[in-house]
Amino acid sequence: MLSRKMKRNGIVLLALIIALLSFNFDLSEVKAANSSVSLTSNYVTNAGNYDKTKILNVARGGHLINKNLHWLPSYYDYMAADGIDMMRIDWVLSDQFYRVVSRNGSGQLVYDFTKLDAVVLPLVQKGIKPLMVMCYLPSVIGGTGVAGLGYPTNLNEYRSIIQAVVQHYVNLGYTGWYWESHNEPDNSVGGPLSASQINTMYQYFATGVRATDPAAKIGGAGFANNESSNSRINAFLDFIDANPTIPFDYLSVHDYGQANFNDSLNALFTRRGMPQKDIIYSEWNYDWTSGSPGTQKDTNVNAAYLAKRMYSALLRPELKKVMYFTPADALSATGLYYGDSGIYTIDGHRKAGANTFNMYSKLLPTILTSTLSGIGTSTNDTYGIVTKDPVTKKVSMLLWNYTATPADMTINLSNLPYLTDNTNVKVNKTLIDSSNGNYYYNYASGYRGTQVGPNELPGLKESSIIEKTSTFSRVETLPAYSVMQIILTPTTSSPTAGPVDTIQALPACNFAAGQPVTTSSSLESPTAGWRKASLTDGINYSFEMADIGNPNMGWTSNPGYADANHTEWAYVDLGASKTINNVTLYARNDSSNDGKGFPVDFKIQGSADAVAWTDLVTQTNYNSGQTVNWKQLFSFASGNYRFVRVYATKLGNSAGDYRMQLAEFQVFNTSSSSCSSTAPVNLALNKTVTSTSSVENYGWFRTKINDGVRGSSSSTARGWSSSLGVTTNHTESVTIDLGSANMVSKVDLYPRNDSGQLGSFFPINFTIQVSTNGTTWSTVATQTNYPKPTSGGVQSFNISPVNARYVKVEGTNLRPETGTEYMMQVAELEIY
């Protein structure tokens, strides 16, 4: 029997339940609470020195697009601005990229450093130091395959080649560089080589370098497996231990995926009684592969990962350097985003990770002792570092949140010098998160042609001046996967809410980006890298090889001629009239035909209708008919044009015949810094098309549904039509393969607009479906009883943004126009 107390408690509980049920809870409004973290730091308590040269380093990989000698140096200004101290350059001896050594007719070794210098010398001129990796092998001493794998057929010649390379740069005044023996010799990428082969090669390498440059830093062997149990590492250190006269300044290993750097390598030295040598992680990253656009390495998630990972390196005194793999996306020659490993995109944009590098470059020489507590601090997932410059008395702190939950960080800095010094304080706060300092946010929204995207640089969230103070206390919310930097600078200016500093104006926009191109002729061979669509794809380089997918050379007229006096042209449709005053043309620039095929006599013209043309620039005997150097700029008086054409009447020589060849065609208004008018790119343009059926005649072809022609008035390029002669209503569909996953938010369909056929055979009932694999489909738009279009104007269908590689338009109720014949016809299909 229940006691009175239990009965009373039951009645109270029942009343509470009834009261709660009487409330109308909207669970959609319930949000998870932010995590709480605190950071406390004292200006007068130092924890040590900040060595930015330990972490601000990158490692260039052996990607095949490195055959283009313009590509990598085009990033050096960005790298210098982001504080990069050193870049690892591998494949130095491989024939694939530089071919520094060959044999003459007498069998003697001869050297040509032209190609290697094209990559190395601009780097050092920007103040960035190289780490030179003497891999793999030139064919003259046994290197095989694309990389030059193998073991030297002549070790003495191997050493003499090493010495020749080092001596070349010593002769130019460069000494004390870092030199590394191998790249992953314990992996199939680098051989694999036996322990004995690695050790012997290292001996010849190290003694050759030291004899040539006594100041050089020498090490190896670039092991893929950084575990202390790696038999190759152990055999290598046993060899060094047994041969102490062989030069050895550092051990180099690679590391992918771990949250922190392996700390077990120290024991390998102490166990042998060897002096502790420097350890260099000459490659590190989350992983080295590619993926779908928008995965970790493309976004702010990677920015937060880098902030945490780079900090873990600072905690390790035996680490000399860690080198992030790789400076720029390089696996695909055609994808602007590919889930790749770089901190810059293939077309020169800063990914979110580059902004983390830049923030680390703005930390100051002295690290302050800080205490952090709260969720995520024990693993450094939500954490921070505070630094100062004791001379200027600036303070710079870097805060990050590598979790999916926003964090409220309570900051308390004490004993600041500003009150004693009677100076006010400028406070600048910048942020990287999903929509700040994250160019992928712009890319996924359809922005193209912006040399710097509106959200590409870290968001300037505060630029104020506060009263003189000895403390700095506030709560800052760190969004999910974010990095924040706060810099305090003494100033004599008066307090203000600001902004004191402003974000610099965006540069001019390329109106031609992603826009359709029409040419006099064209070699349409994607597998060879030639397509007219490449003229406006945003990639300014001719890549003759690629690790993934097709090469990307640009556009070439076709066929080639025996003499130069022929007419070829290409024009771009800007989509609407634009005020323009500059055209920039990028010449074909692959290493074997650099600068060839550029027109000799030509005009740049503008038009409102692609019929009547106005000459904007006239060039005769351009560059005396010689090869040109990559980027060529042409300015002219401002005017309003929709179509811009390069019209050549005398062609350049290219590989033995005469053609017109360009890597990229750009159109600007350099007087304007606004990028808001940049048209989103048509993702469907010239991509692969499949359909349930197709006429493939009379101007109706699958490939004409996405050729950039928004109408059916041309008898040779009307669009796509399902098969003729079907007398029953049925289902037809057309599918575009975008080549890789993209964020899709709109599909535009253009109906027929030829005389007497406006809107003919446009489907009555249809769906728009998307897929990431071409097998599993999701319907994102459904239209029923769609009226027949009364003009050739665009029929737009906006959808909630979705990641998709395949987009299908499926007609389930077709429109008969000729009695009982049912067909589905679309002049153009565009995807944004």
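Keep in mind that the model you have open is predicted.

**Stop 1: the second largest pocket**

Select Asn358, Lys362, Thr430, Leu457 and Pro458 and centre the view on them: of the 26 residues lining the second largest pocket, these lie nearest its centre. The volume of this pocket comes to about 670 Å³. Which element gives the most to the lining? That's S16, with 4 residues. If you colour the lining by residue type, you'll get 9 nonpolar, 9 polar and 8 charged.

**Stop 2: Ser41**

Next, jump to strand S1 (residues 35–49) and pick out Ser41. Buried or exposed? Ser41 has a relative accessible area of 2%, so it counts as buried, the cut-off being under 20%. Show side chains here and you'll find a polar contact of 3.2 Å between Ser41 and Ser370. Leaving out residues up to four places away in sequence, Ser41 touches Leu368, Thr369, Ser370, Val386, Asn412, Leu413 and Ser414.

**Stop 3: strand S2**

Finally, select residues 57–60, which make up strand S2. In a regular strand, side chains alternate between the two faces of the sheet. Asn57 and Ala59 sit on one side of S2, Val58 and Arg60 on the other, and all are buried, leaving both faces covered. To see one of the pairings, look at Arg60, whose bridge partner in S3 is Ile89.

Conventions. Residues numbered from 1 in each chain as written. Predicted model: local features only at pLDDT ≥ 70, side-chain atom pairs only at ≥ 80, totals over all residues. Heavy atoms only, no water. 1 Å grid on protein atoms, 1.4 Å probe; cavity = no way out; pocket = protein on both sides within 12 Å on 5 of 7 lines; lining within 4 Å. Points joined across faces, edges and corners; volume = space filled by probe spheres on them. Helix = DSSP H or I, 4+ residues; strand = E, 2+ residues; numbered from the N terminus. Nonpolar A, V, L, I, M, F, W, Y, C, P; charged D, E, K, R; others polar. Buried < 20%, exposed > 50% of the residue type's maximum accessible area, 1.4 Å probe, protein only. Polar contact = N/O pair within 3.5 Å; in protein donor to acceptor, adjacent residues only side chain to side chain. Contact = heavy atoms within 4.5 Å. Pairing = 2+ DSSP bridges.
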